[in-house]
Amino acid sequence: MDYRVEKDTLGEVKVPARAYYGPQTQRSVDNFKIARDTDRMPMEVIRAFAYLKKAAALTNYEAGILEKEKCDLIGRVCDEILNGELDDQFPLVVWQTGSGTQTNMNVNEVIANRAQVLSGGKLTDRFKILSPNDDVNKSQSSNDTFPTAMHIAAYRMLMEITIPGIEKLKDALGEKSQEFMSVVKIGRTHFMDATPLTLGQEFSGYLSQLEHGLQALRNSLSHLTELALGGTAVGTGINTPPGYAENVARHIAELTASPFVSAPNKFEALATHDALVETHGVLKVIAVSLMKIANDIRMLGSGPRCGIGELHLPENEPGSSIMPGKVNPTQCEALTMIAAQVMGNDVTVGIGGANGHFELNVFKPVIIRNFLHSARLIGEGCFSFSQRCVKGIRPVKEVIAKHLENSLMLVTALNPYIGYYKAAEIAQRAYREGKTLREVAVGSGYVSAADFDRWVDPAKMVGKSL
């Protein structure tokens, strides 16, 4: 590979000749050869940096401390980053300095060197139009840029991927709840027969879980809209012009069309990531809901002949390489694996959030990596589950009717008329003798045939339909 030699404060570094990044990026490449193929810094973070670098340049120009030519060049390169034109220039992995300094410098170097080329210069020129530190990073520190990028990336992921995906699944479950509201079936508690309900009522529980999850997620967004930029090194705002924090937040809000504001306390914004811990905690709650929903649906669809078999799930692909005709609940399996991953990610986010020491949290890269991973998994997983599973679910009414008819727990309807103990006697005898509830109840003399038929009506046992 052809190299050029560049210098930083520690000395000379060989950098790939055609790379826009510089010596500090290369040092990180050399020093952190860890999971390069799988654990690159998420591009959502890089895109967020492009927004904040452009906003910082505009703010510095308006403050009279950055020339217009430099401001325009920074903005032009940031637009290229946002368009995905320079993705190959960001090679760093998550496993680096806990402040994200090397990713901040990666972005600074790429912007400065790409601007040099755009202005007609060469990467090997001794004097360059932009300095990575003095121009691109003006009025900034890695300590306030990286947490700002974290919040921008997290908020945008939630709004563009996570929430729309959850809403799609919520709507699909709501449609099925209404469609199935008159389908009376046996309920189950402890994996054992219980009293009846409708399939629509059962699905309404799933719908309610996601409604609560979405409400909690939206309630957590306010803290995420607070940006650390302007706090610089430790939260005091050293080396920033007057009004910088508020003005740069305003520019970021305009560029992203999102309600970002300057964090009222920059010490909290740099030293903690409670906002991300809180919101990821909601993602974990949603993952718990998704685990329950997907497990219920796959168990209700188990069989088709030797399981519960009350639901027919869409047949998306062959399920076995050896058993002809087998079809598996693959969307349920994928969603439950996603739920497990999000629960695991939450442990990492929590540990990372707890490692804010004095004026800086130094687990920033791993926190945002896991957060974005969870947010994308939930959003895309919910969308897939809604489209490839829920929309195609239909009740197997003959199986539902058979299970309902065979259930001994319909005897619960007799409690108000003959008492719990006599009703239990009927159920236990019917089970031992392999008879129906009606046969045993009438034979016991506790109820007449007419009373049994009037009192033990599953359709009257489901309460008020929603």
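Visitor: What volume does the largest cavity have?

Guide: The largest cavity has a volume of about 80 Å³. Before we go on, this is a predicted model, in which local features need pLDDT of at least 70, side-chain atom pairs count only at pLDDT 80 or more, and totals for chains, interfaces and linings use all residues. Residues are numbered from 1 along each chain as its sequence is written, and side-chain values use heavy atoms, with hydrogens and water left out.

Visitor: What makes a space a cavity?

Guide: On a 1 Å grid over the protein atoms alone, a cavity is a set of points where a 1.4 Å probe fits but cannot get out, and lining residues have an atom within 4 Å of a point. Grid points are joined across faces, edges and corners, and the volume is the space filled by probe spheres set on the points. Two cavities of 30 Å³ or more are found here.

Visitor: Which residues are closest to the centre of the largest cavity?

Guide: They are His151, Glu226, Glu268, Ala269 and Thr272, out of 14 lining residues. Helix 6 gives the most to this lining, with three residues. The lining of the largest cavity divides into six nonpolar, five polar and three charged residues. Here Ala, Val, Leu, Ile, Met, Phe, Trp, Tyr, Cys and Pro count as nonpolar, Asp, Glu, Lys and Arg as charged, and the others, Gly among them, as polar.

Visitor: Why is the pair of tyrosine 417 and tryptophan 455 called stacked?

Guide: Rings of Phe, Tyr and Trp (its six-membered ring) pair if their centres lie within 6.5 Å; planes under 30 degrees apart count as stacked, over 60 as edge-to-face and the rest as tilted. The centres of these two rings are 3.8 Å apart and their planes are at 5 degrees, so the pair is stacked. Tyrosine 417 lies in helix 15 and tryptophan 455 in helix 18, 38 residues apart, so the pair links distant parts of the chain. Helices (H or I, at least four residues) are DSSP runs, numbered from the N terminus.

Visitor: And what makes tyrosine 420 and tyrosine 421 an edge-to-face pair?

Guide: Their ring centres are 5.5 Å apart and their planes stand at 80 degrees, so this pair is edge-to-face.

Visitor: How do you know whether tyrosine 420 is buried or exposed?

Guide: Buried means under 20% relative accessible area, exposed over 50%, and partly exposed in between (1.4 Å probe, protein chains only). Tyrosine 420 has 57%, so it is exposed. Tyrosine 421, at 71%, is exposed too, while tyrosine 417, at 47%, counts as partly exposed.

Visitor: Why is asparagine 108 called buried?

Guide: Asparagine 108 has 0% relative accessibility, so it counts as buried. Asparagine 108 is found in helix 4.

Visitor: What makes the link between asparagine 108 and lysine 53 a polar contact?

Guide: A polar contact is a pair of N or O atoms within 3.5 Å; within protein, one must be able to donate a hydrogen and the other to accept it, and residues adjacent in sequence count only if both atoms are side-chain atoms. The side chains of asparagine 108 and lysine 53 are joined by one of 2.7 Å.

Visitor: How do you know that asparagine 60 is buried?

Guide: Its relative accessibility is 1%, so asparagine 60 counts as buried. This residue sits in helix 2, and a polar contact of 2.7 Å joins its side chain to that of serine 139.

Note on methods
Helix = DSSP H or I, 4+ residues; strand = E, 2+ residues; numbered from the N terminus. 1 Å grid on protein atoms, 1.4 Å probe; cavity = no way out; pocket = protein on both sides within 12 Å on 5 of 7 lines; lining within 4 Å.
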